[in-house]
Amino acid sequence: MNGIPLLFIAALLLFSGCTSPNESTPIPPAPNGNGNGATIIEVQLKNIAFNPGTLTVNQGDTIRFTNMDGFAHDIFIHTEGNEFFTDSQTEPGEIVEVTMTQKGTFTLDCVRHAPGMTGTIIVN
Ligand SMILES: [Cu+2]
């Protein structure tokens, strides 16, 4: 009747083999150093111009347009043949926020003051 002790020893060996700590504790991914925190970029609509007229932002950033003039403008952000955003009537003092979710080079126009009231937004 040696069967049971042998099985017991075999089971112990198997068990001890399996429990050798082979798995390391997973390390949580480090948080991104320079932010996915969205940045807000200020653009003024002033004296029939966008100021600044050319801006470079990161994907996910928000552009905050403020109409400083005493009359309405509009905001049309587009690429060739592709409208990204339109605010057709931006009243005096109005603030319009646009989050740039797509990468690319966009043209910024105020249609009612075209040509001349234009700009460029580069989204990286
Ligand atoms: Cu305008």
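Two strands pair if DSSP finds at least two bridges between them. Keep that in mind for this predicted model.

Q: How many bridges join β1 to β2, and which way do the two strands run?
A: Pairing takes at least two bridges, so the count matters here. β1 and β2 run antiparallel, and the number of bridges joining them is two.

Q: In β2, which residue is the bridge partner of L45?
A: L45 falls in β1, which covers 40–45. β2 covers 50–51. The bridge partner of L45 there is F50.

Q: Which strands are the edge strands of the open sheet of four strands?
A: The order in this sheet is β2-β1-β4-β7, with mixed pairing. An edge strand here pairs on one side only. That picks out β2 (50–51) and β7 (95–99).

Q: What pattern does the protein chain follow, read along the sequence?
A: The chain has one helix and nine strands. Read along the sequence, that gives α-β-β-β-β-β-β-β-β-β.

Q: How many residues does the largest nonpolar core have?
A: Of the chain's 124 residues, 16% count as buried. Those with the most contacts inside the core are I63, F65, I77, M100, F106, L108 and I121. Elements giving two or more residues to this core are β1, β4, β5, β8 and β9.

Methods
Residues numbered from 1 in each chain as written. Predicted model: local features only at pLDDT ≥ 70, side-chain atom pairs only at ≥ 80, totals over all residues. Core = buried A, V, L, I, M, F, W, Y, C linked by C-beta atoms within 7 Å. Buried ≥ 20, exposed ≤ 12 C-beta atoms within 10 Å, placed from the backbone.
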